[in-house]
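Biologist: I have this one open now. Can we go through a few spots in it?
Modeller: Fine, go ahead.

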Amino acid sequence: MTLKKPRVVTQKSNVTEDQIKEFGDLADKSAGEAAETKKPAKAAVKKKEIKKEPRRKVSIDDKNAARSYKAMNIKFNKFEYENIIKAADERGIKVMDLIRSSIRTYTHNEKKK
Amino acid sequence: MIILIGSQKGGCGKSTLAINIAALLAGWGKDVMLVDADRQATASAWVQEREELTDVPVINSVQKYDNIAKSLQDLDKRYEFVVVDAAGRDSRELRTAMLVAHKMIVPFRPSQADLNTLPKMQEMIVAAQDMNSDLEVFGLLTMAPTNPIVSESDEAEELMSEFYTEIPMIDVKVCDRKVYRDSMADGKGVTEMSNHKATKEIKLVAARIGLGE
């Protein structure tokens, strides 16, 4: 049997159990001992509230209104729409391209006035 | 011998230091028990990672919370070295461990936030030493910038020696090196990797607190 190096037993201070308990009780409980044992409730993720400004209705006849092709919502009746389709077919372009170019021309001319 | 790594500040490298000291001692053939008293369980995760390795000495680990004094005293009888990693706050684990530990390392970064926690830490140390006169305390600067132009570490050392006399500083700095993070992920200590500077740092820390082969 190989002999092991003797273990040095260090002299302990005579700390009593009461002292340990008392000193331990001084721990900052607010730092989260209780919080750690209980899993914190999942914080409800609040959806970021984005306040949307009500979209301003822009009349196509309003010359001074700010124009944005992306935001503009134009409604055509069936007759107008059929005419637009016909015109687009005649020119060999897409309906949307025709509408875009028409609006562009219209606003350009309006500005000139 | 019970070696406690404790501080009231989180993120100052307590777990890193605890595992590296444990790895160094295990490398020297010592009988080491790593006590993880931090509910974040960083040290335990490291031990789990280490268990998969075959080329490094085994380190046993146990997670202990609340009043850990009795457990530490019991483990001290069974192991040559008990390294305790306490949570980074004024916890019952930290306080009860302070009353039975032989050596305590207080790591802190050279930052104002870390320095601000030291007055309360010093008060706690004085109170603990009143009851546990065996407790030897060492202050250790961790995560120090490697850039010699940055003088934060020197400033922190100066402040320590001036105001916190109950936490005598070790004349070694543990620098902020990538190898410490890498070794954590690999389940190794820096002394088991091939970074001479980090190895030297840990060996010097051990030497300064009176640990030797």
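Biologist: Which residues does Q8(B) touch, not counting those up to four places away in sequence?
Modeller: This is a predicted model, to begin with. In it, Q8(B) touches G88(B), R89(B), D90(B), T117(B), K120(B), M121(B) and M124(B).

Biologist: Where does Q8(B) lie?
Modeller: In chain B, in the loop between β1 (2-5) and α1 (14-27).

Biologist: Buried or exposed?
Modeller: Q8(B) is buried, because its relative accessible area is 14% and the cut-off for buried is under 20%.

Biologist: Switching to the largest nonpolar core. How many residues has it?
Modeller: It has 38 residues. L4(B), L72(B), V84(B), M98(B), M104(B) and L118(B) have the most contacts inside it.

Biologist: And which helix gives the most to this core?
Modeller: Helix α6 of chain B, residues 118-131, with five residues.

Biologist: What is L118(B) in contact with, leaving aside neighbours within four places in sequence?
Modeller: V106(B), F108(B), M160(B), Y164(B) and I167(B). There is also a second, separate core of 36 residues, including A18(B) and V174(B).

Biologist: Now the second largest pocket. How much space lies in it?
Modeller: About 430 Å³.

Biologist: What lines it?
Modeller: The lining has 25 residues, and G11(B), C12(B), G13(B), K14(B) and T16(B) lie nearest the pocket's centre. They divide, across the whole lining, into nine nonpolar, nine polar and seven charged.

Biologist: Which element gives the most to that lining?
Modeller: α1(B), with four residues. β6 (136-144), β7 (169-175) and α8 (178-186) of chain B each supply at least two.

Conventions:
Residues numbered from 1 in each chain as written. Chains lettered and ligands numbered in written order. Predicted model: local features only at pLDDT ≥ 70, side-chain atom pairs only at ≥ 80, totals over all residues. Heavy atoms only, no water. Core = buried A, V, L, I, M, F, W, Y, C linked by side-chain atoms within 4.5 Å. Buried < 20%, exposed > 50% of the residue type's maximum accessible area, 1.4 Å probe, protein only. Contact = heavy atoms within 4.5 Å. 1 Å grid on protein atoms, 1.4 Å probe; cavity = no way out; pocket = protein on both sides within 12 Å on 5 of 7 lines; lining within 4 Å. Points joined across faces, edges and corners; volume = space filled by probe spheres on them. Nonpolar A, V, L, I, M, F, W, Y, C, P; charged D, E, K, R; others polar.
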